[in-house]
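The following exercises are to be worked with the sequence and the model at hand. Each task is followed by a solution in steps.

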Amino acid sequence: EALAPYADPVVFLMIGGLILAEALRSNGLDKRLAYMMVLRAEGDRDRTLFFLMAASALLSMWISNTAAVAILIPVVLGMSSRLKGMGEGATARMLLGVGIGSSAGGMMTVTGSAPNAIAAGLLSREQEFTFLDWMMIGVPLGLLLLFMAWFLLTRLYPSHGERLDIGEMRQEAMDMGPLSPGEKRTLLVFLPTVALWVTGAEIASRLGLPPSFMSAAMVALAACVFLFAVRAIEWENARSISWDVFLIIGSGLALGEGLVYSGAAQWMAGGLGNALLGAQLLVVLLSVAFATVALTNFISNTATAAMFIPILLGLSVALNVQPELLVLACGLCVSLSFITPIGTPPFTLIYATKKVGRRDLAKAGIVITVPAVVMVCLFLMVADMVGLF
C-alpha cells in the first residue's frame with residue numbers, strides 16, 4: 001500500500017513530460033524559442049522584459065522551471081554585457097522577470113511542476129480531475145500573474161526609454177539556420193501530444209473508448225515511444241533527466257496517503273476547521289494561500305504541497321466546501337515562492353548569478369506575491385461561482 005502511489009498515473013505523466021522536455025532541449029528548440037521571443041522586442045527594454053517572461057512561461061509549461069531558467073540566464077547575462085551605462089538594476093529586473101515567468105508557466109499545466117502533479121494526483125482520487133481541468137484554472141491564472149508581474153517590475157525598475165543592443169543576438173539566431181531534422185521530428189511528436197493532452201479524454205469518449213485509453217499519462221508514454229522511434233532523442237539523452245523527481249512525487253503521494261490512513265490529516269483538519277469555522281470562504285482561501293506562501297518560501301514547494309494538501313482535503317469536508325478550492329489554492333500558491341533565494345531552484349540559480357541581491361528578491365517578491373495571492377483566491381471563488389468545479 002505504501003509503494004502503490006509510486007505507480008500513480010501522474011508519475012508516468014511526468015516521465016513522459018520530462019523526456020519530451022529533454023527532446024526539446026537536446027535538439028535546441030528551447031534556445032531557438034528564447035531568441036525568437038527576445039528579438040521580437042526590437043531592443044525596447046520593457047517589451048524585452050515581457051518577451052523574456054513569456055518565453056520563460058511558455059518553456060515552463062512543458063519543461064521544468066529550473067531548466068527554463070537555466071536556458072534563459074545566459075541569454076539575459078549576454079544582453080547585460082551589451083548594456084551601456086544602465087546599471088545592475090536592468091539585469092536584476094530581467095532575471096527576476098525570467099524567474100517569475102517560470103513560476104507563471106509552471107502554474108499552467110500539470111506537468112509544469114512537481115507540486116502540480118501531487119495536487120492533481122490527490123484530487124483525482126477524490127473525483128475525476130483531468131489535464132484539461134487543471135489548464136482551465138492554471139492558464140488564465142498564469143497569464144494574469146505574467147501581466148501583473150511585468151507591470152509591477154516595470155514600475156519597480158523603470159527603463160527610462162533606453163534600448164538594448166541586440167545585434168549580436170540577432171546574428172547568433174541567424175547562425176542557427178533553419179529547423180534541423182531533429183527539431184522537426186521533435187515538433188512532429190510534441191504538437192500532437194499537447195493537443196491530445198487537452199482533448200484526448202473527449203476524443204476517447206466520442207469514440208466509445210475507456211477514459212484511460214487517451215488519458216494524459218497514456219498520451220505522455222506514447223509520445224516517449226514515438227520520440228525514440230523517430231530518433232528525436234536517444235537513450236543517452238533520456239538518462240540525463242531528473243529521475244529523482246518521480247521518487248519525490250511518489251513519496252509526496254505516499255505521504256498524503258499515510259496522513260489520511262493514519263487519521264493525522266483529519267485530526268489536523270479538525271483543528272484548522274475549528275479555527276476557521278464560520279469564516280467566509282474568501283477568508284478561508286486567503287488563510288490557506290498565505291500559509292502556503294509562508295511555508296514554501298523556506299522549505300521545498302514539493303514538500304509543502306505533499307504535507308499540506310491531504311490536510312486540506314480533510315478541511316474541505318469539515319468546512320463543507322469544494323475540495324478543489326482549497327487544494328488548488330495551495331497547489332497554485334506554492335509556485336509563488338520568490339521572496340527568498342531558497343524557495344525554489346530557479347530563484348537559487350538567479351541568486352547565484354550575484355546580479356540579484358536578497359533585497360531585490362524580497363522587494364520584488366513581496367510586492368508581487370501579495371496581490372498574486374489575492375488574485376488566485378478571487379479567481380478560484382469566481383470559478384466556483386460559475387460552476388467550473
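**Exercise 1. Overall dimensions**

What radius of gyration does the protein chain have, and what value would a compact globule of 389 residues have?

Solution. The model is a predicted one. Begin with the chain length: for 389 residues, the value for a compact globule would be near 21 Å. Next, take the value computed for the protein chain, which is 21 Å and therefore agrees with that of a compact globule. Finally, consider the extents: along its principal axes, the C-alpha trace spans about 60 × 50 × 35 Å.

**Exercise 2. Composition, burial and surface**

State how many helices and strands the protein chain contains, and describe its burial, contacts, surface and charges.

Solution. Step one is the count of elements: the protein chain holds 18 helices and zero strands. Step two is burial, where residues under 20% relative accessible area count as buried; such residues form 53% of the 389 in the chain. Step three concerns contacts between residues at least 6 apart in sequence: 80% of these join residues at least 24 apart.

**Exercise 3. Helix α6**

Solution. The buried residues of α6 are A114, P115, N116, A117, I118, A119, A120, G121, L122 and L123.

**Exercise 4. Positive phi in loops**

Where do R231 and N320 lie, and are these residues buried or exposed?

Solution. First recall the general rule: most residues other than glycine have a negative phi. R231 is not a glycine, yet has a positive phi of about 60 degrees. R231 lies in the loop between α10 (216-229) and α11 (235-238), and is exposed, with a relative accessible area of 55%. N320, likewise a residue other than glycine, has a positive phi near 60 degrees. N320 belongs to the loop between α15 (301-319) and α16 (323-333). The relative accessible area of N320 is 72%, so this residue is exposed.

How values were computed
Residues numbered from 1 in each chain as written. Predicted model: local features only at pLDDT ≥ 70, side-chain atom pairs only at ≥ 80, totals over all residues. Heavy atoms only, no water. Helix = DSSP H or I, 4+ residues; strand = E, 2+ residues; numbered from the N terminus. Rg over C-alpha atoms; globule rule 2.2 N^0.38 Å. Buried < 20%, exposed > 50% of the residue type's maximum accessible area, 1.4 Å probe, protein only. Contact = heavy atoms within 4.5 Å.
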